[in-house]
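Hi,

Here is the structure I promised to pass on to you. Have a look at it first, and then read my notes below.

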Amino acid sequence: MATTMVPGPELLPAVLPTDRLSARARPLPPIREELRRIANRRNAVTVAGALLQSVGVVVAAAAVDRWWAYVAAVLLAGRGFALLNILGHEAAHRLLFDDRRANDAVGRWLLAYPALTPFDLYRRAHMAHHRDELGPDEPDRRLYAGYPVTRASWARKLLRDAVGVSGWKNLRPLLAALGERGRRPVALRILAAQLAVAAVLTAAGVLLAGAWWLYPLCWLLPWMTVWRVLNRLRAVAEHGGMARSDDRRVTTHVVRQRPVARFWMVPYHTGWHLAHHVDAGIPWRNLPELHRELVRAGWVTPGLEYR
């Protein structure tokens, strides 16, 4: 088995800078200014759509009130956490809305906290990730370090995700934070958001189907299971088997964007992850265009692309 997935030098042509891209592949003005425009109104609609596709699918299951509807709700709510977290990631970069207060309020209360994510802690950790991918202080390294792995190891990791072992490891620190003075304020905000989600789902469940258990079954369970699997698959697709480097082509994969992957794991163009790491100030809607710029320049070659 190969011990690395780092592309060889034949796949890393030295074609920069160009008249449109800098030596680090960032677009030059005025191209960059155009790509950095934030679509505020469209993003507001997108946030509403993400909530409908997460909380809304659980309410819809109660309205249908059939066993298969609840199974579908568990799976789709797991996907819903991908939607909420990717848009929360956008807010962490302050790219969701031009107004910073609106950006952070929506990022915290409508996206991160309902997904049990401590928004400001995530922002700090994620900025450290961008400063030095796969470096010694990389906070996300545990998700994708050491790849490729054996099939047996891969199966064990996915099984732990699917049955809730990984979910419990993530839930336990949040519960413990309620008893720690320094971390309690954030934990209480997350708890408040969870109580709000639980209240909405419980009310809908009781009114539509007498199903008071919608929150634990169709919200907390998919967070602890389905979302864990999707999150690992996405993280490994982004950085698994790569290496620390100033060349982002060595730290970050180019992954072919198929409809199934876009639906389940990499919504909102987050699959164009090399483009995102090249310039983390480009909003999600414009990442495909930046990717095309990298391809046109010859900096991204077909040999870099993975299925």
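A word on terms before the details: helices (H or I, at least four residues) and strands (E, at least two) are DSSP runs, numbered from the N terminus. The model is a predicted one, in which local features need pLDDT of at least 70 and side-chain atom pairs count only at pLDDT 80 or more, while totals for chains, interfaces and linings use all residues. Residues are numbered from 1 along each chain as its sequence is written, and side-chain values use heavy atoms, with hydrogens and water left out.

Let me begin with the salt bridges, each being a side-chain nitrogen of Lys or Arg within 4 Å of a carboxyl oxygen of Asp or Glu. The whole structure has 17 of them. In helix α16, R292 and E289 sit three residues apart, about one turn of the helix, and they form a salt bridge with the closest N and O atoms 3.1 Å apart. For exposure I use relative accessible area: buried is under 20%, exposed is over 50%, and partly exposed is in between (1.4 Å probe, protein chains only). R292 is partly exposed because its relative accessible area is 42%, and E289 is partly exposed with 27%. Both belong to a network of salt bridges that links R20, E289, R292, E293 and R296.

Two other pairs bring together separate parts of the chain. R36 bridges to D279, with 3.0 Å between the closest N and O atoms. R36 is in the loop between α1 (31-35) and α2, and D279 is in the loop between α15 (273-278) and α16 (287-296), 243 residues apart. R36 is partly exposed at 34%, whereas D279 counts as buried because its relative accessibility is 0%. The side chains of E133 and R248 also meet in a salt bridge (3.1 Å, N to O). E133 lies in the loop between α6 (119-131) and α7 (141-144) and R248 in helix α13 (residues 248-251), so this pair ties together parts 115 residues apart in sequence. E133 is buried at 2%, and R248 also counts as buried, at 12%.

Next, the nonpolar cores: sets of buried Ala, Val, Leu, Ile, Met, Phe, Trp, Tyr and Cys residues joined through side-chain atoms within 4.5 Å. Which members of the largest core, with its 48 residues, touch the most other members? They are V58, L87, L96, L201, L214 and W219. Helices supplying at least two residues each include α2 (40-52), α5 (100-112), α10 (184-209) and α11 (214-224), and α4 gives the most, 13 residues. Leaving out residues up to four places away in sequence, L201 is in contact (heavy atoms within 4.5 Å) with V55, V58, V59, L214, Y215 and W219. A second, separate core of 19 residues includes V250, A275, V278 and L290.

Finally, the unreviewed UniProt entry lists residues 44-61, 67-87 and 186-206 as "transmembrane region"; such annotations may be inferred rather than shown by experiment. Residues 44-61 are 89% helix and 0% strand, with end C-alpha atoms 25 Å apart. For residues 67-87 the span is 100% helix and 0% strand, and its end C-alpha atoms lie 30 Å apart.

Best wishes
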